[in-house]
Amino acid sequence: MAKSFSVGIPNNIIKLKHDANNKSSWSIRLGAVKELSMWSCQQSIDILKDRMKNDKVYKVQEAAFRGLQAFDVPVKLPRKKKGNLIEGIDKYLTPIKNDLPVGHSYEEFKEAFSRKRPVEFNTYEGDKESRFDSWLENKWKSLPKKK
């Protein structure tokens, strides 16, 4: 299969670097990784290596791996992390639940989580994809109730 990428530095490398490090949007990071994967240069390779090793959303890690692989960089696909992506996520979720009135709905909790902790919300939303709502609802139900 023929490789389809350009050699050289993309004109928008600064924006791509910024987007690849956007903590509040996994989809922006993914878009940047895909675009960087079309440009074989040391800057693209360095950014892709960082995303492959350090991104919390596996889809972004995998896209970075595929880009590096296309450039013939010797890399190994990281394993998908199990358990909590963000250590101590419950300590962030509990105060959100407790700030809401007694008897609040799951949807109210979800909206408050997205507003108060957008980075964490986006990370789990990107990782869980279609399972996000059931994961978050189970978390919400299992959190301690307000005293």
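This is a predicted model: local features need pLDDT of at least 70, side-chain atom pairs count only at pLDDT 80 or more; totals for chains, interfaces and linings use all residues.
**View 1. The buried face of helix α6.** Helix α6 spans residues 106-116, and its buried residues are Y106, F109, K110, A112 and F113. Look down the helix axis and these residues fall within an arc of 165°, so they line one face of α6. The cover over them includes α5 (89-99), α7 (118-128) and α8 (132-142).

**View 2. F113 and its ring partners.** F109 and F113 sit 4 residues apart in α6, about one turn of the helix. Their rings make a stacked pair, with 6.5 Å centre to centre and 20° between the planes. F113 also pairs with F121: here the centres are 5.3 Å apart and the planes are at 70°, so this pair is edge-to-face. F113 has 0% relative accessibility, so it counts as buried; F121, at 10%, counts as buried too.

**View 3. The aromatic cluster.** Zoom out from F113 and ring pairs link Y106, F109, F113, F121, Y124, F132, W135 and W140 into a cluster. The count of aromatic pairs comes to 7.

View 4. Leaving aside neighbours within four places in sequence, L36 is in contact with I13, L16, A20, S44, I47, L48 and F71.

Conventions:
Residues are numbered from 1 along each chain as its sequence is written. Side-chain values use heavy atoms; hydrogens and water are left out. Buried means under 20% relative accessible area, exposed over 50%, partly exposed in between (1.4 Å probe, protein chains only). Helices (H or I, at least four residues) and strands (E, at least two) are DSSP runs, numbered from the N terminus. The arc is that of the directions from the helix axis to the C-beta atoms. Contact means heavy atoms within 4.5 Å. Rings of Phe, Tyr and Trp (its six-membered ring) pair if their centres lie within 6.5 Å; planes under 30 degrees apart count as stacked, over 60 as edge-to-face and the rest as tilted.
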